[in-house]
Amino acid sequence: MRLAYDPSHYRDNTNLKETIDAVARLGYEWVELSPRKDFIWFYEYPKVDRQLIKDLKRYCSDAGVRISSVLPVQQWSSPNEQERQAAVRNWKRCIEITSDLGVDLMNSEFAGDKSRPVESEAAFVKSMEELMPIFEREGIKLNLQSHPNDFIELNTEAIRMIRAFDKDWIKLVYSVAHAFFYDDGIGDVAQHLDEAGDLLAHVLIADTLNHKAAFGLRYIINPPNANVTIHQHLNPGEGEINFDALYRKLREMKFDGIVTNSVFAYPDKPEWSNEVTLKSIREGLHI
């Protein structure tokens, strides 16, 4: 099992070297290279040259940290063809960067427009048809997660979409903080993992509240019918996820993929947040 850290707590106030050094200081051997403005940002073309790639490899080597995966988020499922084409262009560069870093895994989200699911699915399949040969040529695997407000939010639908491609190198990311979106407010984490079975390759650890609970009033939105999607990435124990059930199921499955600390809520006190979350992971998974 690879225990990794998503350094989103550090993306806005530290440079790449400081971020990698922080990951090592927090006790991790692996880092998930999530979006940041000075490298690969949401929906944008990567701002990366050969020197920055060389520097990042040196930072990781000096700190004793390895990159578990590169995480770009692009609108590759957009029903807007111009936007989709731009996303595919950006993806091609992201794959090239990942290969140059010597990393063999990327993970991402389905994106798209949940109000136009059929068109978004068609766009996603078209993008994948363009990108799959490149992934295969570069020897890079891909893990995908459904995300709140994506054209796929349900766990079962994400699994079906991945199985549709029938590629050994395309697997599932399970984000615990999205559990109440994965089954429309039930949050049965053990059932979700059972559904994933052999596709489960990556688990993101963070807590959240059930947005469907308390008559839909766990979060109060004004006006009440506003078209918004909300969730959180809290320390385990601060929300309503059943972590005992989650960890028990992962132990039963003898899960041996990537487990990532995916808490984003405390950039003002990341060391404390990591202590809480890392303790939960280690105790829960007996590592």
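In what kind of crossing, left-handed or right-handed, does H9 pass H10? In this predicted model, H9 passes H10 in a right-handed crossing. Helix H9 (243–252) and helix H10 (residues 270–285) pack with their axes 9 Å apart and at an angle of about 45°, which makes H9 oblique to H10. On the side of H9 the contact involves Tyr247, Leu250 and Arg251, which meet Ser280, Ile281, Gly284 and Leu285 of H10. Divided by class, the residues of this contact comprise 4 nonpolar, 2 polar and 1 charged.

The crossing in which H3 passes H4 is right-handed. From H3, the residues Glu81, Arg84, Val88, Trp91, Lys92, Ile95 and Ser99 take part in the contact, and from H4 the partners are Ala123, Lys126, Ser127, Glu130, Leu131, Ile134, Phe135 and Glu138. In terms of residue class, the contact of H3 with H4 contains 7 nonpolar, 2 polar and 6 charged residues.

Trp91 of H3, named above as part of the contact with H4, is also among the residues touched by Ser108. Ser108 is placed in strand S4 (residues 105–109) and, with a relative accessibility of 1%, counts as buried. Leaving aside residues up to four places away in sequence, Ser108 touches Leu71, Pro72, Val73 and Trp76, together with Trp91, Asn143, Leu144 and Gln145. The C-alpha atoms of Ser108 and Leu154, which are 46 residues apart along the chain, are separated by 16 Å.

Helix H5 (residues 155–165) has Asn155, Ala158, Ile159, Met161, Ile162 and Phe165 as its buried residues. Seen down the axis of H5, these residues fall within an arc of 160°, so they line one face of the helix. In general, an α-helix has 3.6 residues a turn, so residues three or four places apart point the same way. The face of H5 turned away from the buried side carries the exposed residues Arg160 and Ala164. The elements that cover the buried residues of H5 include H4, strand S5 (141–145), strand S6 (170–175), helix H6 (179–182) and helix H7 (189–196). Just after H5, Asp166 takes a positive phi of about 55°.

H7, one of the elements covering the buried residues of H5, has an axis that comes within 10 Å of the axis of H5 and crosses that axis at roughly 10°; H5 is therefore roughly parallel to H7. In this pair, Asn155, Thr156, Ile159 and Arg163 of H5 meet His192, Glu195 and Ala196 of H7, and by class the contact has 2 nonpolar, 3 polar and 2 charged residues.

Ile241 lies in the loop between helix H8 (213–216) and helix H9 (243–252), and its relative accessible area of 8% makes this residue buried. When residues up to four places away in sequence are not counted, Ile241 touches Val176, Ala179, Phe180, Val189, Asp207 and Thr208.

Definitions and conventions. Residues numbered from 1 in each chain as written. Predicted model: local features only at pLDDT ≥ 70, side-chain atom pairs only at ≥ 80, totals over all residues. Heavy atoms only, no water. Left-handed = near helix turned anticlockwise from the far one by under 90°. Helix = DSSP H or I, 4+ residues; strand = E, 2+ residues; numbered from the N terminus. Contact = heavy atoms within 4.5 Å. Nonpolar A, V, L, I, M, F, W, Y, C, P; charged D, E, K, R; others polar. Buried < 20%, exposed > 50% of the residue type's maximum accessible area, 1.4 Å probe, protein only. Arc of directions from axis to C-beta. Axes fitted to C-alpha atoms, helices over the stretch in contact; angles between N-to-C directions. Parallel < 35°, antiparallel > 145°, perpendicular 65-115°, else oblique.
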